[in-house]
Amino acid sequence: MSPSPHKIVWNNCLNIIKDNIQPSGFSTWFEPIIPVKLKDNVLTIEVPSHFFREYIEEHYIDLLGHCLRKELGSMAKLEYCVKVDSFSKGVPVPHQGQGQFQNKAIPFSRGNQEELASPYVIPGIRQVKIDPQLNAAYSFDNFVEGSCNRLARTAGLSIAEKPGGPFNPLFIYGGSGLGKTHLAQAIGIEIKKRMPEKVVLYVSANLFQIQFMDAVNIKNKLTDFMHFYQMIDVLIIDDVQEFACKPGTQNAYFNIFNHLHQSGKQLILTSDRAPVELKDLDDRLLSRFKWGLSAELLAPDYATRLAILEKKCYNEGVEVPREVLEFIAEQVTTNVREIEGTFCSLLAQSTFNKQPVTLQLAQVITDRLVSSVTREISVQDIQKSVCHYFGITQENLLSKTRKREICQARQIAMYLSRNLTKNSLSSIGSMIGGKDHATVLHSYNTVCNLMDTDRMFRQYVTDIEKRLKNG
């Protein structure tokens, strides 16, 4: 029996395509395609997913068009029917490429399978239950609210009530140990509590990268990888800055992001810096990070630090003298992780040595854990040191005056704040004269240039930095 016309046309197209692209690209993107029918110069092909169709259109539509016109003439057209995977709702994706497209949902029976899929191994498309990889301890109940995190926490609670709403994506950023992972997982936990049917997944950027590389290196697994992530209702990616200098991973996440966002799914990302400060990430990806809400977590103030310690006492079921909690809150100022670590060390020392928790014991612990390292330098500390060094008032430093000596002092304050603190450019600017991140970056570059060319200016900066580090 001779092959059907649509198969002959498609095989002829494949022969041309095979000679014009890399073997890996051919096996990944063309071997899974099935020709369905040929009618009135319109070839219909079946593709595994909407993502697959979008990728073909973005990267190979010109080549496909050339092949079809050679086989069918100038009036050739291409139609797709998308084979819906086990989690798709059969909703057509808006067409953005050439030709005519029909998204015909072909239902796929789930059967009675209840396998639990871990994200450490990309499951096949028949697996329908996914372990969200959430730590129950990272709940909103254990997340202490303060001025340093109020915006992000409030946005998180709003998302938990209505995923995929106006705060989509939610981009949480801040220094190490400030609670980014805790807050991101708390949102996922709350969504699962309110909407158990939602598919929620927390995954680190590093694990996502490993999964992607595994999928690329195993034949026909890239489609499974994309299918897996396209079925998520709430996708949480931690430490997204690790995607830098990984164009393949960025492209995969870009397409997953687009698919989920267009489908009304919720995206949550964390990073150690604001989107504007991320380097070596694709501009089109960075622009999408800014679509929703970017919320910064700052170092906790004294009131928040004290509230964290009180919460730890409650959770551990222990009583600690108020003066001890106040002392730790005053001494440990860097981040939440170090506050909790100091508290745990204090309890352990008390328990193992059968000593009461006293102020003297707390002083020993903090001296050991805190004094041995450089204490945190704040933007306020830098402002005071700069003003004292140049003999100007803090009011002048923060004013809008353009006097050369004041401007230079202000630029040095911004330079040191970027080098010696974990604050973002925008938060530094807001604390030094209400400037924006672009002004801080310009000041930083200006000071760098002056230090390279002006020995006296370099000495100014070095002297101030030494005074700050020596306390």
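**Close-up views of salt bridges in a predicted model**

**View 1. Arg 273 and Asp 272 are joined through their side chains.** In this predicted model, the side chains of Arg 273 and Asp 272 meet in a salt bridge, with N and O 2.6 Å apart; the term stands for a side-chain nitrogen of Lys or Arg within 4 Å of a carboxyl oxygen of Asp or Glu. Arg 273 has a relative accessibility of 31% and counts as partly exposed, and Asp 272, at 32%, is also partly exposed. Here buried means under 20% relative accessible area, exposed means over 50%, and partly exposed lies in between, with a 1.4 Å probe and protein chains only. Side chains of opposite charge can pair when their charged atoms come close.

Residues are numbered from 1 along each chain as its sequence is written, and side-chain values use heavy atoms, with hydrogens and water left out. Because the model is predicted, local features need pLDDT of at least 70 and side-chain atom pairs count only at pLDDT 80 or more, while totals for chains, interfaces and linings use all residues.

View 2. Helices are DSSP runs of H or I with at least four residues, strands are runs of E with at least two, and both are numbered from the N terminus. Arg 322 is partly exposed at 45% relative accessible area, and Glu 310 is partly exposed at 33%.

**View 3. Glu 145, Arg 150 and Arg 153 form a network of salt bridges****.** Within this group, the side chains of Glu 145 and Arg 150 meet with N and O 2.8 Å apart. Glu 145 has a relative accessible area of 35% and is partly exposed, and Arg 150, at 41%, is likewise partly exposed.

View 4. The structure holds 10 salt bridges, and the protein has 19 helices and 10 strands. Among contacts (heavy atoms within 4.5 Å) between residues at least 6 apart in sequence, 70% join residues at least 24 apart.
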